[in-house]
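Please look over the sequence and the structure shown here before reading on. The paragraphs that follow lead through some of the helices and the residues around them.

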Amino acid sequence: LKNPLLPIRVGALIEIRKLIVAKDPFVMKKFSQLLNLFRTNLSDDDSYMYLAAIQGISALGDLRPSQVIPALIADYMPDSCSDLKLVLPIQVRLKLGEVLVQISQRLGQFLHLY
């Protein structure tokens with residue numbers, strides 16, 4: 001993830017997502033750190049990087065929607081933030097919206113719980 005070459009960083013995010021989907025025990029212990037990792041990569045300008053981040057957050061949302069959905073909604077909704085300096089740029093909020101759509105499509109009728 002710290003490599004200066006973009007394809008290697010994107011590949012690292014993809015491999016982490018594969019470990020999440022496989023429910024690797026080591027990865028599951030680092031759940032909140034991974035969520036923050038993917039969320040920080042949403043602001044990247046490169047489409048490969050932020051699409052890998054979107055897919056990673058979506059995979060995390062499939063495993064623990066009760067943790068991921070409230071965190072995404074708090075970032076997505078500018079009204080939930082009283083300090084305007086902390087409001088995310090519209091480009092990042094659009095990417096968060098894409099993640100929320102993907103998770104909500106897979107949750108289907110269970111979405112109302114969250």
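Which residues are buried in helix 6? Before the answer, note that this is a predicted model, in which local features need pLDDT of at least 70 and side-chain atom pairs count only at pLDDT 80 or more, while totals for chains, interfaces and linings use all residues. Residues are numbered from 1 along each chain as its sequence is written, and side-chain values use heavy atoms, with hydrogens and water left out.

The buried residues of helix 6 (residues 90-107) are Val92, Arg93, Lys95, Leu96, Gly97, Val99, Leu100, Ile103 and Leu107, where buried means under 20% relative accessible area, exposed over 50% and partly exposed in between, with a 1.4 Å probe and protein chains only. Helices are DSSP runs of H or I with at least four residues, numbered from the N terminus. What covers these buried residues includes helix 4 and helix 5, and contact here means heavy atoms within 4.5 Å. After helix 6 comes Gly108, whose phi is positive, near 60 degrees.

The axes of helix 5 (residues 65-76) and helix 6 come within 10 Å and cross at roughly 150 degrees; axes are lines fitted to C-alpha atoms, for helices over the stretch in contact, and angles run from 0 to 180 degrees between N-to-C directions. On the side of helix 5, the residues that meet helix 6 are Pro65, Val68, Ile69, Leu72, Ile73, Asp75 and Tyr76, and among their partners in helix 6 are Leu96, Leu100 and Ile103. The residues of this contact divide into eleven nonpolar, one polar and two charged, where Ala, Val, Leu, Ile, Met, Phe, Trp, Tyr, Cys and Pro count as nonpolar, Asp, Glu, Lys and Arg as charged, and the others, Gly among them, as polar.

Helix 4 (residues 47-63) has buried residues too, including Met49, Ala53 and Ile57. The buried residues of helix 4 pack against helix 1 (6-21), helix 3 (31-41), helix 5 and helix 6.

Asn41 is found in helix 3 and counts as buried because its relative accessibility is 15%. Leaving aside residues up to four places away in sequence, Asn41 touches Leu13, Met49, Tyr50 and Ala53. Lys23, by contrast, is exposed, with a relative accessible area of 53%, and lies in the loop between helix 1 and helix 2 (25-29).

Note on methods
Helices (H or I, at least four residues) and strands (E, at least two) are DSSP runs, numbered from the N terminus. The expected span of a helix is 1.5 Å times one less than its number of residues.
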